[in-house]
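Subject: Structure handover

Hello,

Here is the structure I promised to pass on. Please open it alongside this note, which walks through what I found.

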Amino acid sequence: MKRKVKEWLEDGTVDLFLGYRMNCGHPLPHCFTKEEIDDVEHLLVSRTRYSLEKIATHLAKRDPELKIGLLARDCNQRAINVLTIWHQLDKDKIFALNVNCCPSPIKPQADCSYMSGEQTSSYKVQVGIDNLMDIEKADDFSDQEKNVRWMYEFQKCLKCYGCRNICPVCFCAECTLEHKDLIGPGRLPPQIPIFHLVRAAHMAGRCIDCGLCEDACPMDIPLRLLYRKVGEIVKNVFDYNTGESSEQSPLSLLGEKVSLSLKPM
Amino acid sequence: MTNSIDGIEKSNCIFIIGSNTTANHPLVSRRVMRAKEKGAKLIVADPRGIQLSRFADVAIRHKLGSDVALLNGMMHIIIKNGWHDKDYISKRTEGYEEFAAEIEKATPEITALATGVSEEDLYRMAEAYGTAGAASLLYAMGITQHVTGVDNVKSCCNLAMLCGNVGIPGGGVNPLRGQNNVQGACDMGGLPNVFTGYQPVTDEKARAKFSEAWGCTLNEKPGMTITDMIPGILEGKIKGLYVIGENPKLSDPDWNHLNHALQELEFLVVQDLFLSETAQVADVVFSAAALAEKEGTVTNTERRCMKYDQAIPPLGDTLPDWDIIARLGTAMGYPMHYKNTEEIFDELTALTPSYAGMTYKRLGYDGLQWPCPSEDHPGTVYMHKDTFSRGLGKFHAVAYQLPAEQPDTEYPFSLTTGRMFAHFHTGTMTRVSPHLDIEQEDGYVEINPRDARKMDVKEGELLTICSRRGELDVPARLTTSVEPGTLFLPIHFGENAANILTSSEAFDPLAKIPEFKVSAVSVKKYKVEAPAEAQVEAEVEAVS
Amino acid sequence: MKCTFVPSICSYCGTGCGVLFETIDGKLISTIPMKSHPVSGGKLCIKGWNLHEHINSPMRLKKPLVKTFGRFINTSWDEAIQITADRFKDIIEKYGPDSIGVLVSAKMSNEENYLAQKLARAVFGTNNVDHCARL
């Protein structure tokens with residue numbers, strides 16, 4: 001793997017390579033370059049996962065000609081697919097070095113560390129939604145119970161926007177979550193359930209089930225389950241497999257044109 | 001904090017008083033919520049309804065400034081039911097008898113009257129805290145910014161000691177500090193009476209140590225606090241002021257008073273990232289580099305000293321604060337030459353016993369929690385394990401006192417102040433941040449819908465609020481999170497500066513902390529005064 | 001093109017959450033939560049997520065300023081420091097060291113706070129040092 005990265009950097013296949021390296025005991029994202037080729041020896045594949053493809057979109061916006069290599073597990077690969085479909089990345093300029101998925105029920109011999117999270121606490125299982133629950137189980141609750149349980153989860157929301165900010169496939173220049181007429185600003189918790197349902201609706205045909213949102217949620221809201229349900233609907237109704245299909249999703253709330261302008265930062 | 005942030009999750013009961021944790025310390029509230037979901041009991045006492053109140057086993061709204069009464073009342077019930085830790089009290093504390101005599105007076109009837117909390121709720125709070133085992137007490141400025149701030153803190157400590165909760169995992173008395181390095185600023189001697197590590201300036205030995213290290217003689221007279229300095233300016237005692245990274249024009253009590261004082265100064269230097277309200281009236285402004293533009297260490301609320309790195313070069317002609325200070329010292333004839341911050345850090349750890357075991361290399365990105373007295377010491381996750389700093393823990397008999405101002409016929413409302421979730425302190429940093437500005441662009445005042453209805457005020461309409469110090473007009477936000485007769489004004493917004501209304505005369509006699517949390521005010525719907533006839537004429541003239 | 005991820009600590013409250021500053025060619029691009037941080041474990045609040053924005057603000061001061069006839073003019077560091085040193089020396093000479101107050105900052109590093117109180121005590125000769133812990 002290290003040899004491959006060195007090769008790519010040296011022969012100019014890529015201008016830079018996004019991976020990880022250890023820094024004072026912390027596995028952190030790192031950008032490897034030809035100038036500092038010896039650093040590639042420190043390239044690391046760890047269970048820690050950052051949204052490297054989102055960083056790639058930041059780089060591509062500044063220099064559309066830049067050839068970017070990156071370490072990609074299955075979820076990163078799915079994200080890259082969505083980002084190229086929506087013109088956020090140029091598929092000829094992205095070079096993914098596939099690494100083994102962290103082990104996952106999605107794939108045999110693999111289990112994503114993001115899917116076998118820590119055991120959900122007892123009180124939460126009683127009154128809220130168990131983060132480890134599968135979709136069928138969550139659908140078994142009566143409508144009223146579903147409502148009570150989900151509202152319990154949403155009420156915890158700190159409105160950090162972490163789910164959106166960390167999401168590799170959230171790239172809109174203007175975000176509906178910040179649209180004042182739709183969701184009143186300045187209050188904690190945010191208006192519920194609309195805040196979370198608006199985001200869920202926008203995840204239809206976009207969410208690639210990487211789990212980074214739930215991982216970033218300070219209140220352990222089971223966002224992955226929520227968006228997986230949305231993804232299931234898109235699959236059942238439109239026969240669309242987000243992250244695998246090669247076209248844009250038939251259901252999109254993004255409007256006709258996708259803006260490629262820089263996000264305000 | 002005597003304990004650690006992640007230690008909150010180990011607690012069986014969490015008692016939050018005077019802290020809107022989800023808004024002001026969101027990542028601490030995460031630990032609270034996780035403890036709750038693991039089965040811990042949650043008690044929330046706050047004059048306002050806060051987000052965590054929704055999840056509490058007992059949530060009460062006590063009267064503003066009645067914290068001592070509430071805590072004494074809780075302790076009365078705990079003692080009456082024998083839920084206190086007698087073994088702990090006899091082995092590790094002193095002053096219990098005198099304290100218990102004071103608590104004896106705080107009967108449920110008296111407490112209910114003083115706090116406005118029902119006797120049943122008082123019992124439930126006392127039971128939840130008193131019978132939990134390891135219980136963690138969290139507080140913030142809602143406890144300290146009162147004329148009885150010190151009494152409030154003492155009462156919190158009394159409660160924790162009464163139930164044997166100091167010096168155990170999952171327990172503790174845990175103040176949540178409001179600024180990233182307020183702990184560090186205190187640790188580093190940014191106080192008028194102590195050098196680094198709380199070594200008193202009046203202590204001859206400490207003075208000799210610093211005097212030798214710094215090669216100069218040192219003043220033995222404790223200095224003035226910020227709350228003394230402002231009147232000190234007006235009395236002609238203070239002539240020159242060097243303000244670093246603060247905006248007292250918005251953060252200090254009584255805007256008019258302070259404004260007047262700053263004009264009296266012969267020389268004011270302000271060092272900041274922005275031309276803040278205070279910088280605007282300075283004689284010299286030093287342009288400082290921001291967080292990402294320098295390296296250094298900060299110490300968080302759980303005493304964890306952590307290192308941060310430089311990400312980008314300083315903007316334009318800005319310099320890191322340490323460099324500016326060193327240059328000024330050198331220009332004053334005292335050479336301060338440092339290659340980098342690590343050199344300063346090594347100098348300060350040599351003089352500070354609680355930091356003595358720390359080096360940049362040891363800190364890494366995880367940091368170390370003080371006390372860390374030697375290089376082989378792992379740091380301290382929770383304090384006072386077998387003994388208190390002073391030996392035995394001291395109970396203080398604290399009697400309840402009313403806040404400095406009570407609502408009366410002229411000023412019938414109680415005003416309290418605080419922060420909201422999207423902004424920080426005086427807003428100099430957050431209001432220029434686009435994503436935070438979107439969340440809340442303007443100031444507002446929270447008012448109960450009942451009160452608003454009586455004044456025929458709708459959401460967003462202007463209210464005029466008057467106190468004995470001044471008046472301001474601010475849009476209303478209707479919410480039941482404040483009780484009728486109470487208003488809440490966030491402190492971030494210079495155009496409706498809360499300190500126009502708050503008092504500089506009401507402060508805790510010992511800690512000199514101003515009573516920001518209670519002021520008596522009057523409220524009315526804003527009315528446009530019709531201009532005088534002569535002014536109309538003049539304006540018409542000017543147009544035509 | 002060069003891209004870095006630099007560990008830092010959020011400056012918006014006393015919790016001390018770990019962040020990474022993402023930079024591209026010396027420009028601050030975004031704030032990313034540091035996943036393995038002991039305090040925050042890869043989560044942040046709204047303020048933390050936008051930590052880079054105030055640093056990138058066009059409102060930032062770029063040069064030291066000196067007020068002359070009621071108006072600020074840009075100046076050099078040497079001049080700003082010299083003027084300040086001279087004025088403080090004058091005041092100390094005329095009224096004594098305790099006529100000067102220093103407000104240090106709860107938003108600066110430990111090193112900077114240490115140095116600021118050292119300046120007050122060793123150079124100015126006063127213990128009039130305080131900060132906004134109470135406010």
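Ten residues of domain 1 of chain A are in contact with eight residues of domain 2 of chain A. On the domain 1 side, α2 and α3 (74-85) of chain A each supply at least two of the touching residues. The most comes from α3(A), with five residues. By class, this side of domain 1 of chain A has four nonpolar, three polar and three charged residues. Keep in mind that this is a predicted model.

The bounds of the two domains in chain A are 2-98 for domain 1 and 127-238 for domain 2. Their C-alpha centres lie 28 Å apart.

Now chain A as a whole. The secondary structure of chain A comes to ten helices and four strands. Along the sequence, the pattern reads α-β-β-α-β-α-β-α-α-α-α-α-α-α. Chain A has 265 residues, and 40% of them are buried. Take the contacts in chain A between residues at least 6 apart in sequence: 63% of these join residues at least 24 apart.

Next, chain A against chain C. How many residues does each chain bring to this contact? Chain A brings 28 residues and chain C brings 22 residues. On the chain A side, β2 (26-33), α2, α7 (162-166) and α9 (212-216) each supply at least two residues. The most comes from β2(A), with seven residues. By class, the side of chain A that touches chain C has 16 nonpolar, seven polar and five charged residues.

The strands under discussion in chain C make an open sheet of three, in the order β1-β2-β3, with antiparallel pairing. β1 (3-9) and β3 (27-33) of chain C stand at the edges, each with a single partner strand, so one side of each has no neighbour in the sheet. On average, neighbouring strands here are turned by 30° against each other, direction ignored. Strand β2 of chain C covers residues 18-24 and pairs with β1(C) in the antiparallel sense over seven bridges. One pair to find on screen is C:V6, whose bridge partner in β2(C) is C:F21.

On to chain B and its contact with chain C. Here 117 residues come from chain B and 89 residues from chain C. On the chain B side, helix α15 (residues 321-331) gives the most, with eight residues. That side divides into 67 nonpolar, 31 polar and 19 charged residues.

The two chains also share strand pairing. Strand β7 (residues 240-244) of chain B and strand β6 (residues 100-103) of chain C pair in the parallel sense over four bridges. B:Y242 has C:V102 as its bridge partner in β6(C).

Within chain B, the domain assignment gives domain 1 (6-176), domain 2 (182-369) and domain 3 (413-525). The C-alpha centres of domain 1 of chain B and domain 2 of chain B lie 34 Å apart.

There is a hairpin to look at in chain B. Strand β10 (residues 296-299) and strand β11 (residues 304-308) of chain B pair in the antiparallel sense over four bridges. B:T297 stands opposite B:K307 in β11(B). Four residues lie between the strands of this hairpin, and B:R303 takes a positive phi near 65°. Which way do the residues of β10(B) point? B:G296 and B:V298 point one way, B:T297 and B:T299 the other way, and all are buried. In a regular strand, side chains alternate between the two faces of the sheet.

Last, the core. The largest nonpolar core has 262 residues. Those with the most contacts inside it are B:I43, B:M74 and B:Y129. The residues that B:I43 touches, leaving out those up to four places away in sequence, include B:F15, B:V58, B:M125 and B:Y129.

Best wishes

Note on methods
Residues numbered from 1 in each chain as written. Chains lettered and ligands numbered in written order. Predicted model: local features only at pLDDT ≥ 70, side-chain atom pairs only at ≥ 80, totals over all residues. Pairing = 2+ DSSP bridges. Axes fitted to C-alpha atoms, helices over the stretch in contact; angles between N-to-C directions. Domains from an automatic or database assignment. Contact = placed C-beta atoms within 7 Å. Nonpolar A, V, L, I, M, F, W, Y, C, P; charged D, E, K, R; others polar. Buried ≥ 20, exposed ≤ 12 C-beta atoms within 10 Å, placed from the backbone. Core = buried A, V, L, I, M, F, W, Y, C linked by C-beta atoms within 7 Å.
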